[in-house]
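Subject: Structure handover and findings

Hello,

Please find below the structure I am handing over to you. My notes on it come after.

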Amino acid sequence: MMKRVYAKEEVCIGCRLCEVYCAVEHSLSRDIIRAYKYEQPKPEPRVTVEEKEHISFALQCRHCDEPLCVEACITGAMMKDESGRVIHREEKCIGCWTCVLVCPYGAPRRDLSRGKVVKCDLCQSTGREIPACVEMCPNRALVFEER
């Protein structure tokens, strides 16, 4: 079993700080001002806050046991690694968006400025033990655990 990010909608207030910190963590500078004001193309968050009326929650890759995105990827850019994470290898991505279309959660996102897909990697590419969205959430609406 592997750790995954889970949302607790009962305490999410839709502040979108998870999106901000995710984008900064995956930026070139890892500095909030530089990332948002000066980097081109701007960094894309790998998490999206969904909101409807009084309910909000963060949505990111579920790292499925049998991921449709991996099965559908025509170039092998999407793969499941030995730890069970579903990872995206940007250098193999041709921007066909097939993974975006088949994911039942809407987790892979189009990065139109790069013509590639971005998706949650649990911050493994940045060397974090706890994903930035989880660590920085002010209400602890995200948890990183095995279930």
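This is a predicted model: local features need pLDDT of at least 70, side-chain atom pairs count only at pLDDT 80 or more; totals for chains, interfaces and linings use all residues.

Residues are numbered from 1 along each chain as its sequence is written, and side-chain values use heavy atoms, with hydrogens and water left out.

Domains

The chain is divided into domain 1 (1-60 + 120-147) and domain 2 (63-117); these bounds come from an automatic or database domain assignment. The centres of the two domains, taken over C-alpha atoms, are separated by 18 Å. Domain 1 puts 15 residues into the contact and domain 2 puts in 14 residues, where contact means heavy atoms within 4.5 Å.

Nonpolar core

A nonpolar core here is a set of buried Ala, Val, Leu, Ile, Met, Phe, Trp, Tyr and Cys residues joined through side-chain atoms within 4.5 Å. Buried means under 20% relative accessible area, exposed means over 50%, and partly exposed is in between (1.4 Å probe, protein chains only). The largest nonpolar core has 25 residues, and V5, C18 and L142 touch the most other members. Helix 1 (17-25), helix 5 (132-136) and strand 8 (142-145) are the elements that give two or more residues to this core. Helices (H or I, at least four residues) and strands (E, at least two) are DSSP runs, numbered from the N terminus. Because both domain 1 and domain 2 give residues to this core, it lies between them.

Leaving aside neighbours within four places in sequence, V5 is in contact with Q60, L122, P131, C133, V134, L142, V143 and F144. C18 belongs to helix 1, where E19, C22, A23, V24 and E25 are buried along with C18. The cover over the buried residues of helix 1 includes helix 2, strand 2, strand 3, helix 5 and strand 8.

Y6 lies in strand 1 (residues 4-7). Not counting residues up to four places away in sequence, Y6 touches A141, L142, V143, E145 and R147. Y6 and V134 are 128 residues apart in sequence, yet their C-alpha atoms are 9.0 Å apart in space.

Pocket and cavities

Rolling a probe the size of a water molecule over the atoms shows where empty space is left. On a 1 Å grid over the protein atoms alone, a cavity is a set of points where a 1.4 Å probe fits but cannot get out, and a pocket is an open set with protein on both sides within 12 Å along at least five of seven lines; lining residues have an atom within 4 Å of a point. Grid points are joined across faces, edges and corners, and a volume is the space filled by probe spheres set on the points.

The largest pocket has a volume of about 390 Å³. It is lined by 23 residues, and H26, R46, E90, D121 and S125 are the closest to its centre. By class, the lining of this pocket has 5 nonpolar, 6 polar and 12 charged residues. (Ala, Val, Leu, Ile, Met, Phe, Trp, Tyr, Cys and Pro count as nonpolar, Asp, Glu, Lys and Arg as charged, and the others, Gly among them, as polar.) Strand 5 (86-88) and strand 7 (116-118) each supply at least two residues of the lining. The largest pocket lies between domain 1 and domain 2, because both give residues to its lining.

The whole structure holds 3 cavities of 30 Å³ or more. The largest cavity, of about 110 Å³, is lined by 15 residues, with C12, C15, C18, C137 and A141 closest to its centre. Its lining has 12 nonpolar, 2 polar and 1 charged residues. The second largest cavity holds about 80 Å³; of its 13 lining residues, C73, T75, C93, C96 and C99 lie nearest its centre. That lining divides into 9 nonpolar, 4 polar and no charged residues.

Single residues

- A cis peptide bond, with omega of about -5°, joins Q40 and P41. P41 is in the loop between helix 2 (32-37) and strand 2.
- H63 has a positive phi of about 50° although it is not a glycine. H63 sits in the loop between strand 3 (55-59) and helix 3 (68-72), and counts as buried at 0% relative accessibility.
- K52, in strand 2 (residues 48-52), is exposed, with a relative accessible area of 61%.

Regards
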